[in-house]
Amino acid sequence: MNALVQVAAEESENPLIPPIPELVIGLIAFAIVFIFLAKKLLPNINRVLEERREAIEGGMEKAEATQAEAQQVLEDYRAQLADARHEAARLRQEAQEQGAALIAEMRAEGQRQREEIIAAGHSQIEADRKQAAQTLRQDVGRLATDLAGRIVGESLEDVARQSRTIDRFLDELEAKTTDGSKAEAGR
């Protein structure tokens, strides 16, 4: 029976249910700690949490503003880059046009100089031809008078007569040459 009494005594004492005085003291201690935490610690915790939330939101707003500013700077940079490309293309086009104009101008100048050189050459050739014809006339006249003097056996030293005879002979010779070249051109 002793065992039964001991089992019954153990059953009346439940280890999960504390004794009433300990329960009251625990509830009072809990209420004191709760009130202390609610009055002193909880406002500080709420204030720190609120400051953190504001700092995070402010940081996010700052980050968004910075990102928007960076996006604006990027768009400005792209616009400036596009403007620079257009300007470079325009300058390149102007340079090509100026180069083409300069080339055309240099060609015209070269053509003008070539024409001047050709004209100077033609005038020089004409002057040389006239001088050669004059020298040839004199030489042919001298040779003709020498030959005629040898054939006749007399000296034909009269310069005026000699000059007239030579000029008449050469004029007749030129007239025959001119008539012959006109006749060939007509064929």
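The model is predicted. The chain holds three helices and zero strands. Of its 187 residues, 3% are buried. A search of the whole structure turns up nine salt bridges.

**Overall fold**

- Read from the N terminus, the elements run α-α-α.
- Helix 2 spans residues 20–152.

**Surface**

- The chain has an accessible surface of about 16700 Å².
- Carbon and sulfur atoms account for 61% of that surface.
- A nonpolar patch lies on the surface, formed by Val33, Phe36, Leu37, Leu41, Leu42, Ile45 and Leu49.
- Together these patch residues have about 620 Å² of accessible area.
- Leucine 41, one of the patch residues, sits in helix 2.
- The relative accessible area of leucine 41 is 38%, so this residue is partly exposed.
- Patch members need over 30% relative accessible area, and leucine 41 has 38%.

**Salt bridge between glutamate 50 and arginine 53**

- Glutamate 50 pairs with arginine 53 in a salt bridge.
- Their closest N and O atoms are 2.0 Å apart.
- The two residues are three apart in helix 2, so about one helical turn separates them.
- Glutamate 50 is partly exposed, at 31% relative accessibility.
- Arginine 53 is also partly exposed, at 37%.

**Salt bridges of arginine 112**

- Arginine 112 meets glutamate 109 in a salt bridge, with an N to O distance of 2.3 Å.
- Both residues belong to helix 2, where they lie three residues apart, about one turn.
- Arginine 112 has 37% relative accessibility and therefore counts as partly exposed.
- Glutamate 109 is partly exposed as well, with a relative accessible area of 30%.
- Arginine 112 also forms a salt bridge with glutamate 116, at 2.2 Å from N to O.
- Glutamate 116 and arginine 112 are four residues apart in helix 2, again about one turn of the helix.
- Glutamate 116 has a relative accessible area of 46%, which makes this residue partly exposed.

Definitions and conventions
Residues numbered from 1 in each chain as written. Predicted model: local features only at pLDDT ≥ 70, side-chain atom pairs only at ≥ 80, totals over all residues. Heavy atoms only, no water. Patch = residues over 30% accessible without salt bridge, like charges linked within 9 Å, V, L, I, M, F, W, Y side chains within 5 Å. Areas by Shrake-Rupley, 256 points an atom, 1.4 Å probe, with all protein chains shown as cover. Salt bridge = Lys/Arg side-chain N within 4 Å of Asp/Glu carboxyl O. Buried < 20%, exposed > 50% of the residue type's maximum accessible area, 1.4 Å probe, protein only.
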